[in-house]
Amino acid sequence: MGLVDTPVNALLALYIVYGIGKVVFPSLPKKSATVTSDPNESYTWMPRAHPPTIVFQTFTPKTLSEHNGQNGARILLAIKGMVFDVTAGGSFYGPGGAYGNFAGRDASRGMAKQSFEEDMLTPIDQPLDKLEDLTPSEIENMNGWLEFFQGKYIYCGELVENTD
Ligand code: HEM
């Protein structure tokens, strides 16, 4: 008598095939690429994995700039004084990525103003950008991005003034 000769055996065989399928092809996280005006509602997908954690530490604009993804270095960026490890988003922030200009830098102003312009980035030997001239809506926009980074990436340090 064969395995699927009776309805019960046929159902059992289907169940086993389904079970094996779930193990071999586990369901993947859903990816959404809808862009809306609210950054928190726009990007709902999460990285599959982050690189091993790094110790929370203090960065200055100069030390942060070393983490720009060149030579395989981990990619960090700062927003509102908080430093995030965005290595898992290397396709965005790595060399040649759409947002590679923010790698190793304080991205606050560019995020607030939704701009990649060169003058959005404070030179690394200058004092920190105090962001005092931002409008309420720019601050709101920056805070939206901050929440986005908090939800998606590793908060790994704080950005303070250069020491020299
Ligand atoms: C031409 C205009 C733009 C287009 C078409 C665009 C498109 C996109 C797309 C398709 C994504 C990926 C969403 C996903 O994979 O779920 C994304 C993510 C993102 N965009 Fe833009 N974008 C534009 C302008 C900007 C600007 C001006 C900024 C800020 C200066 C910006 C900052 C970001 C950031 C931070 C992310 C999230 C990347 C991550 O997941 O880490 N985008 N954008």
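Trainee: Which residues come nearest to the ligand, and what makes a residue count as near?

Mentor: Trp 45, Tyr 93, Tyr 99, Lys 152 and Tyr 153 come nearest, out of the 17 residues around the ligand. A residue is near a molecule or strand if one of its heavy atoms lies within 4 Å of it. Keep in mind that this is a predicted model, where local features need pLDDT of at least 70 and side-chain atom pairs count only at pLDDT 80 or more, while totals for chains, interfaces and linings use all residues. Residues are numbered from 1 along each chain as its sequence is written, and side-chain values use heavy atoms, with hydrogens and water left out.

Trainee: Why is Tyr 99 called a donor of the iron atom?

Mentor: Donors are N, O and S atoms within 2.8 Å of the metal (3.2 Å for Na, K and Ca), and sites may look incomplete because water is not among the atoms. The OH of Tyr 99 is at 1.8 Å, so it passes, and it is the only protein donor of the ligand's iron.

Trainee: How do you know that Tyr 99 is in a loop?

Mentor: Helices (H or I, at least four residues) and strands (E, at least two) are DSSP runs, numbered from the N terminus. Tyr 99 falls in the loop between α4 and α5.

Trainee: Which helix gives the most to the shell around the ligand?

Mentor: That's α6, with three residues. Helices α4 (90-93), α5 (108-113) and α6 (136-152) each supply at least two.

Trainee: How do you know what span to expect for α6?

Mentor: Take 1.5 Å times one less than the number of residues. α6 has 17 residues and reaches 24 Å from first C-alpha to last, close to the 24 Å expected. Its buried residues include Trp 145, Phe 149 and Lys 152.

Trainee: Why is Asn 162 called buried?

Mentor: Its relative accessible area is 16%, so it falls under the cut-off. Asn 162 lies in the segment after β4 (154-159).

Trainee: What does the side chain of Asn 162 reach?

Mentor: It reaches the backbone oxygen of Ile 124 at 2.8 Å. The side chain of Asn 162 also makes a polar contact with that of Thr 60, at 3.3 Å.

Trainee: How many helices and strands does the protein have?

Mentor: Six helices and four strands. Of its 164 residues, 35% count as buried.

Definitions and conventions:
Buried < 20%, exposed > 50% of the residue type's maximum accessible area, 1.4 Å probe, protein only. Polar contact = N/O pair within 3.5 Å; in protein donor to acceptor, adjacent residues only side chain to side chain.
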